[in-house]
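Here's a quick briefing to read with the model open beside you. Grab your viewer and follow along.

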Amino acid sequence: MSFNEWTRKPISSRDDSASRVDRSPFATARVPAIRSCTGCTSRCAQKNAPYSAPKGPPSHAHHGAPASCAPAGSGARTARGLLTPYEWLTTLVTAAQRTEAARWSSTLPAAELTRARWQDWDIGSWIVSSIHSQFRTNVVDPANPDHERVLRAHLEAGLLTAFAMQQIIDSWQPDVLLLFNGRMGVLRVAFELARAANIRVVTHERGWTAGTLYLAENADCLSLAPLREAWSRWETTPLTDSELQQTQSWLLDRAYGRNLNWRQFSPPPGSEDELRRRLALREGAPLYVLFTSSEDEVAGNRERQSVFGAQSSWLEATAAWAASHPEVDLVIRVHPNTGGKQSTGRNAEQLAWLQHFATTTPASVRFVWPDDDISTYTLMDMADVTLSYLSTTGLEAACRGKPAIMGASSYIGGYGFTDDVQSVAEYAAMLDRFCVAPEAEEAVINRRTRAWRFAYLAMYRYMLPFPLVPQRDFSSAGLAYTALEELKPGRDAGLDHAVSVLLDAAPVCPGPDPVTPRDADTERHFHRAASGARHPVQA
């Protein structure tokens, strides 16, 4: 069974991977599809706006979506065009259930909204991630009238989804659920009910490089478990020459804004001398560069936690250390997605906090703001030590051989190429350690070796090339096929593998094959040659 939100256009900005693996090949496997717009709440939880048409029977034209909802109508037309059997979730909800969902969500005390339960269903904790994303906020506050209003809308939609999903589970008894994302709103509700019923769930999202697909088994799109499992198979496997070259290409593409799955946030690398003058960095002073993260993107995720409790506390601790080490220059690069011209929305609260925080730091601390024409990668190349909260910059820095200190748990932490902060009390000593003396060459080589293996695993082994649905830009894609004949088994390796993951429980990322020749000495020589280079990625 496939379960997706309604789509805003054939390949939606919400879900440009939605059409990749639930198209007609699964129709031939008799996999029914569900479109999850409930169409019967007082407000649209997706668009944070009241419906302009009154509640009533589902619109025939939109197959259950409200008559006022043009995106849902587009979604219905898309679903019909894909030839995939589907029905709207609202058709599975009774009038009594609609009444109960409206009553429950509207009468809950405001203080209980984020932890609201309906019998055994933790609806509040399941839908809160959507509120973080919708408002671009690190903290969901039910005392805020806007937050409260949207929380209640999501709770109503979540309970309606749970009613319908339970009916589906009881009557259809599906073996597997194909689910977009698994993180947000009603999608998380579907994920939780399926797992509680011991139904295998395969979630899908856009891949981490353009034109790829991310799949995960029994995990949402933010889970750290899938890559950890894949790493356990590949950790000790050396990269071949071609794999080293591919990884180097990925690093260069990141620096120059190529092959991305999202907007380009950083300008390309520029002159180090010019940047040193612009930021008044002292010649010979140790340079620590800190990269903040767009924290609201993962707020509420239990795996992405920090001993500091919040990024703001980590920043304060780092600035306090810098104040006691005036010989060190510290540059804080504010993540461009926090609120700049290229950001998706704006985390106004976090940006305001950072702007105030900047007025409290010592003179040795410089700030680079989202719209400053300064390359993240020039800073990274210049840095003696890098610090990241959750960001991929930690991986990219480690691939350059740089010490990469991580302030929170993330998908790149715990693999032996980052220095992960385990306690607040030990943090200052960790920062001190890199001030004392240059690292031994072997430490740099070992860091690079593990980082490159992980980068290749994450970007090439785990992500599934999917040329059938090429990505046009960061928010849309198209179709590279014109007939169902092109989707038959054997025509496209990516589609074949996606089908085998879904229907045959094949691993998303199989382990090494014993045939490919691999030489650890060759890999080590590659990293040794680059370890002393000024620009180690291009060496």
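Gln173 sits in the loop between H6 and strand S6 (176-180), where helices (H or I, at least four residues) and strands (E, at least two) are DSSP runs numbered from the N terminus. This is a predicted model, so local features need pLDDT of at least 70 and side-chain atom pairs count only at pLDDT 80 or more, while totals for chains, interfaces and linings use all residues. Residues are numbered from 1 along each chain as its sequence is written, and side-chain values use heavy atoms, with hydrogens and water left out.

**Positive phi in loops**
- Gln173 isn't a glycine, yet its phi is positive at about 50 degrees.
- With a relative accessible area of 59%, Gln173 is exposed (over 50%; buried is under 20%, partly exposed in between, using a 1.4 Å probe and protein chains only).
- Asn198, in the loop between helix H7 (185-196) and strand S7 (200-206), also has a positive phi, near 60 degrees.
- Asn198 counts as exposed, at 67% relative accessibility.

**Strand S1**
- Ser2 belongs to strand S1 (residues 2-4) and is buried, its relative accessible area being 3%.
- Ser2 and Val176 are 174 residues apart along the chain, but 8.5 Å separates their C-alpha atoms.

**Helix packing**
- Helix H4 (residues 95-107) packs on helix H6 (residues 145-172) at an angle of about 145 degrees, with axes 9 Å apart; axes are lines fitted to C-alpha atoms over the stretch in contact, and angles run from 0 to 180 degrees between N-to-C directions.
- Residues in contact (heavy atoms within 4.5 Å) include Trp104 of H4 and Phe163 of H6.
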